[in-house]
Amino acid sequence: ATHPQPLRFAFTMPYRASHILVKHEESRRKASWKDAEGVQISQRTKAQAAEILKGFLEQIKSGEKTLEEIARVESDCGSAAQGGDLGEFGDGDMQKPFEDAVKALKVGELSDVVYTDSGAHIVLRTA
């Protein structure tokens with residue numbers, strides 16, 4: 001008689017991160033809670049999105065504001081309501097460039113500008 005295979009659990013370490021998303025003319029969806037018609041987003045270049053995020057990075061690094069404070073007001077992601085917090089996620093749950101950026105960070109570290117199909121981001125790894 002053949003015996004069933006023992007159950008194998010694939011355990012992937014959950015990650016947790018917060019981010020600020022700035023959408024631009026190349027974003028796959030050119031609308032957000034801040035810009036329902038996508039008017040501003042459609043007029044923003046990828047380079048302009050990066051410049052906006054670099055300004056936010058300076059504010060965070062100088063201690064002027066936290067990522068959470070900026071995300072609540074400025075992020076084009078629905079996670080803005082949670083201060084940019086995306087909650088826990090595992091391998092394959094996020095777009096690859098985003099996941100790779102999170103994996104490259106130590107907990108508490110902030111990324112430089114990261115590009116995905118959604119737009120441009122800065123990412124803070126929180127777990």
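Reader: How many bridges join strand 1 to strand 4?
Author: This is a predicted model, where local features need pLDDT of at least 70, side-chain atom pairs count only at pLDDT 80 or more, and totals for chains, interfaces and linings use all residues. Residues are numbered from 1 along each chain as its sequence is written, and side-chain values use heavy atoms, without hydrogens and water. Strands (E, at least two residues) and helices (H or I, at least four) are DSSP runs, numbered from the N terminus. Strand 1 (residues 15-22) and strand 4 (residues 119-125) run antiparallel, and the bridges between them number six.

Reader: Which are the edge strands of the sheet?
Author: Two strands pair if DSSP finds at least two bridges between them. The open sheet has four strands in the order 2-1-4-3, with antiparallel pairing. Each edge strand pairs on one side only: these are strand 2 (85-89) and strand 3 (114-116).

Reader: Which residues of helix 3 are buried?
Author: Helix 3 (residues 67-74) lies across strand 1 and strand 4. Buried means under 20% relative accessible area, with a 1.4 Å probe and protein chains only. The buried residues are Leu67, Ile70 and Ala71.

How values were computed: Contact means heavy atoms within 4.5 Å. Axes are lines fitted to C-alpha atoms, for helices over the stretch in contact, and angles run from 0 to 180 degrees between N-to-C directions. Buried means under 20% relative accessible area, exposed over 50%, partly exposed in between (1.4 Å probe, protein chains only).
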